[in-house]
Structure formats: structure tokens, C-alpha cells
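Reader: Could you walk me through the side-chain contacts in this model? I would like to go through charged pairs and aromatic rings.

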Amino acid sequence: MIQFLAAVLLSYFLGAIPFSLWAGKVFAGVDLRKIGSGNLGATNVFRVLGARVAIPVLLLDAAKGFIAARFSPSLAGASSIATGDLSLICGISSILGHSFSVFVGFRGGKGVATSLGVFLAIVPKAVLVAFLIWIAVFLGAGYVSLASCIGALVLPVSVYFFSPGRLLLVLVTSAVAIFILLKHIPNMKRLVKGEEKKLLRRGHKKEGGAS
């Protein structure tokens, strides 16, 4: 039990590492909680610091989830919980760590990139489908928030298609999708009102979106 708790806690603290906050302070001397959207996600890094910094932050945020789901379960040792279920538990712990980081007053990002990493480690084919849908929506509409919400909704459907016998995985990805949708409620309200701003428009940076 102690090893299991250690694996879960390690996953949380791994997810809680605030790469976006550090990037803002190191590269621009700014606190991303007080600039742009105020969100500690890769999209806000892109708006404030540009793609050169945002892309590494995005990859690092995804890596947190991937490492937690792929490697943290090995720390649990012998357990009555199946390895696949341990991966899910550790992965969810890292997502919660990212979104409610103890290092920044339980604030954080919206969990999209870290969720991507978690499920890439567990069900890569389903994630590829959801990611392709994300790209299509983003390139077509220009809104990161809309692309993230639709991609999140596609994921459990895709998981069911590729892993129809893994009911727990379908339920967990559905719960994560709902979590991401809830985190994006302010963005969806702005989108309905026509106030949500596109991340990119005709090749130049625009404020808005979410991550």
C-alpha cells in the first residue's frame, strides 16, 4: 500500500511541475498567472512568449502525463491492482497535479496536454484519432478551446472503438473529457457570445484560446 501511495503521489507532484510558470519567469520575467489569459497552459505561453517557448512547454506538459502513466506504476511493486488500472490511476493523478498544482496555490492549466501524454502511453491509437480531430478543428476554426473540447469528446469514443472491452478506460476517458469541458466553460461562453479570440489569424498571433 505504501508503494502504491508513493507512485500516486509521485505522479501528482510530477504533474504539478509548473513548466509554463517557470518559462514565463526565465524567458520574459513575467508571471503568466497575471498576464494573457492568466492560465498556466501552453496556449498562454504561446500568446505571451511565442512558439519557440510554447512548443517545449507543451511537450514537457505532455511528457509529465506520459511518464506518470508509463513508469510510475512500476514503483507500486506487487499489487492487487492490474498494471493497466495503475497506469490510469497514476495518469489521472498527474492530470490533477497539472490542473491543481500544489506549487502554485492549487492553480494550473486545463489538463489537455497532460491528458494527451497520459493516454498516449495507454491507448496511442485512440489518442492519434483525437489529436487529428483537434488539428482539423483548430486549423479550420482557429480556436484552441473549441479544438480541445471536441478532441476531448472524441477521445472516449475512439477508445471504445479501439478497446471495446476496456470499460474502465472508456469511463475514465469520458470523465477526463467532462473535466476538460468544465475547465473550458468560460471559453465556451465567450465563443457563444462571439468574444473568444483565435490563437492565430492569417499567420500572425492573436490573443485568446485556452490551455
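Author: Happy to; the questions below take salt bridges and then aromatic pairs. This is a predicted model, in which local features need pLDDT of at least 70, side-chain atom pairs count only at pLDDT 80 or more, and totals for chains, interfaces and linings use all residues. Residues are numbered from 1 along each chain as its sequence is written, and side-chain values use heavy atoms, with hydrogens and water left out.

Reader: How many salt bridges does the structure hold?

Author: A salt bridge here is a side-chain nitrogen of Lys or Arg within 4 Å of a carboxyl oxygen of Asp or Glu. Counted that way, the structure's total is three.

Reader: Which helix holds both K64 and D61?

Author: The side chains of K64 and D61 meet in a salt bridge at 3.4 Å, N to O, and both residues are buried. Helices (H or I, at least four residues) and strands (E, at least two) are DSSP runs, numbered from the N terminus. K64 and D61 are three residues apart, about one turn of their helix, which spans residues 51–71 and is α4.

Reader: What is the relative accessibility of E196?

Author: E196 meets R190 in a salt bridge, 2.9 Å from N to O. R190 is partly exposed at 32%. E196 counts as buried, because its relative accessibility is 5%.

Reader: Now the rings: how many aromatic pairs are there?

Author: Rings of Phe, Tyr and Trp (its six-membered ring) pair if their centres lie within 6.5 Å; planes under 30 degrees apart count as stacked, over 60 as edge-to-face and the rest as tilted. By this rule the count is seven.

Reader: Where does F103, the ring partner of F13, lie?

Author: F13 and F103 make a tilted pair, 6.1 Å centre to centre with 45° between the planes. The pair links distant parts of the chain, 90 residues apart: F13 is in helix α1 (residues 2–16), while F103 is in the loop between α5 (83–99) and α6 (112–122).

Reader: Which geometry do F100 and F179 adopt?

Author: Their ring centres are 6.0 Å apart and the planes of F100 and F179 stand at 65°, so the pair is edge-to-face.

How values were computed:
Buried < 20%, exposed > 50% of the residue type's maximum accessible area, 1.4 Å probe, protein only.
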